[in-house]
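Me: I would like to learn how to read a ligand site and helix packing. Please show me the model, then take me through the terms.

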Amino acid sequence: MAYQIPLSFPVFEGNESLYVQEAMNSGHLSTNGFFINKFETKLGRKIKTHQVVALNSGTSALHLALVLLGIGPGDEVICQSFTFCASANPIVYLGATPVFVDSEKETWNMSPELLEDAILSRISLGRKPKAIVVVHLFGMPAKMKEIMAISEKYNIPVLEDAAEAVGSKVDGKFCGTFGKIGIYSFNGNKIITSGGGGALISDDAGVIEKSKYLASQAREDLPYYQHLEIGYNYRMTNISAAVGVAQLEQLDQMVARRRKINLQYKELMKDFPGVTFQEELDTSESNYWLTSILIDEEVTGISNDKLRVILFKNGIETRFLWKPLHLQPIYRKTPYYGGNVSEKLFQEGLCLPSSSNLTLDQQEYILGLIEKEFRKVF
Ligand SMILES: *Cc1c(COP(=O)(O)O)cnc(C)c1O
């Protein structure tokens with residue numbers, strides 16, 4: 001069903017069609033072409049000094065990043081439990097095991113305290129983790145200062161899953177540029193899109209060079225096809241990059257618009273009892289890809305799911321927050337460190353429509369419906 005008000009709809013108000021036509025005219029549709037380089041340069045300049053490899057998805061960027069961090073069979077990798085499955089699945093692709101860590105209540109991302117507990121526990125079992133996958137959910141930066149300090153203390157590299165956090169910052173520095181490697185997603189529902197796409201970011205020129213090589217079938221620079229390693233077909237196409245370049249030109253606006261939508265939701269809901277928001281720390285700036293709320297059923301008298309169904313019947317798309325990975329059937333036997341913070345977020349949370357072109361009228365309409373449900377209780 002097509003929603004009257006979708007959760008996160010792509011907005012094309014710039015040079016998208018023009019650049020796609022240009023890419024088609026050039027005859028370079030696949031993994032060669034002008035727009036791929038342009039996308040990498042432009043994104044690199046935006047996030048400052050870091051080097052970028054354009055890839056065909058955020059998931060392939062995560063997989064490649066783990067390969068570059070040397071993850072292999074029998075290794076353990078710490079991963080935030082409260083996230084989309086793509087943060088952890090590539091660990092399993094490589095024959096390694098995720099070790100899940102719970103969230104903290106402020107940013108809803110990985111708890112630095114529990115991270116350190118998990119590291120110490122795994123070390124005591126003789127299984128020192130090889131990497132830490134941190135996620136900035138819904139665009140909200142994780143507590144990077146604390147997490148990077150732990151990474152340095154134990155000498156375990158951080159892989160930053162900034163798939164949802166293109167344009168988010170901590171202390172003025174872009175999410176995705178803190179870890180040894182960072183990744184972005186440009187999937188169709190993210191804050192900016194290239195259709196399908198991703199990027200791998202690192203300050204390490206060796207990592208960047210090797211990523212480009214492995215993402216292009218590990219082809220040697222010879223007149224014939226020769227391969228010394230197993231590679232992947234993970235590069236972004238020129239057509240995708242054409243859309244991506246046009247979207248990058250509008251990134252600042254998209255962030256500003258989503259931040260404004262978030263502010264308006266907070267303003268409009270400030271007198272709603274039993275509703276709380278995901279909040280920024282003083283030092284961080286979320287792109288507010290999705291505005292998310294928690295609904296305390298004891299106060300509101302209505303669960304997140306009941307509210308979701310009512311909004312659905314009115315053509316409004318909302319979504320549960322991520323179901324924690326340690327509760328997923330596929331990860332039932334996976335080690336987990338934490339309590340019930342992410343579980344509670346899952347039970348109470350709802351992502352509200354947050355498209356960059358959402359209007360104030362639409363927000364008022366949505367909140368009118370929510371208020372009516374809440375009022376039945378009082
Ligand atoms: C979207 C997303 C990914 C995967 O990105 P794709 O481009 O869809 O492969 C990974 N991690 C998180 C947290 C995401 O939201």
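Reply: Start with polar contacts. A polar contact is a pair of N or O atoms within 3.5 Å; within protein, one must be able to donate a hydrogen and the other to accept it, and residues adjacent in sequence count only if both atoms are side-chain atoms. Here, a polar side-chain atom of K190 lies 3.2 Å from an oxygen atom of the ligand. The side chain of S185 has an N or O atom 2.7 Å from a ligand oxygen atom. G58 uses a backbone N or O atom, also 2.7 Å from an oxygen atom of the ligand.

Me: What kind of model is this?

Reply: This is a predicted model: local features need pLDDT of at least 70, side-chain atom pairs count only at pLDDT 80 or more, and totals for chains, interfaces and linings use all residues. Residues are numbered from 1 along each chain as its sequence is written, and side-chain values use heavy atoms, with hydrogens and water left out.

Me: How many residues surround the ligand?

Reply: A residue is near a molecule if one of its heavy atoms lies within 4 Å of it. By that rule, 16 residues surround the ligand, and the closest are G58, T59, E164, S185 and K190.

Me: Which helix gives the most to the shell around the ligand?

Reply: Helices are DSSP runs (H or I, at least four residues), numbered from the N terminus. Helix α3 (residues 58–68) gives the most, with 3 residues.

Me: At what angle do α3 and α7 pack?

Reply: Axes are lines fitted to C-alpha atoms over the stretch in contact, and angles run from 0 to 180 degrees between N-to-C directions. α3 and helix α7 (residues 205–215) pack at about 120 degrees, with their axes 10 Å apart. Angles under 35 degrees count as roughly parallel, over 145 as roughly antiparallel, 65 to 115 as roughly perpendicular and the rest as oblique. Therefore α3 is oblique to α7.

Key. Helices (H or I, at least four residues) and strands (E, at least two) are DSSP runs, numbered from the N terminus.
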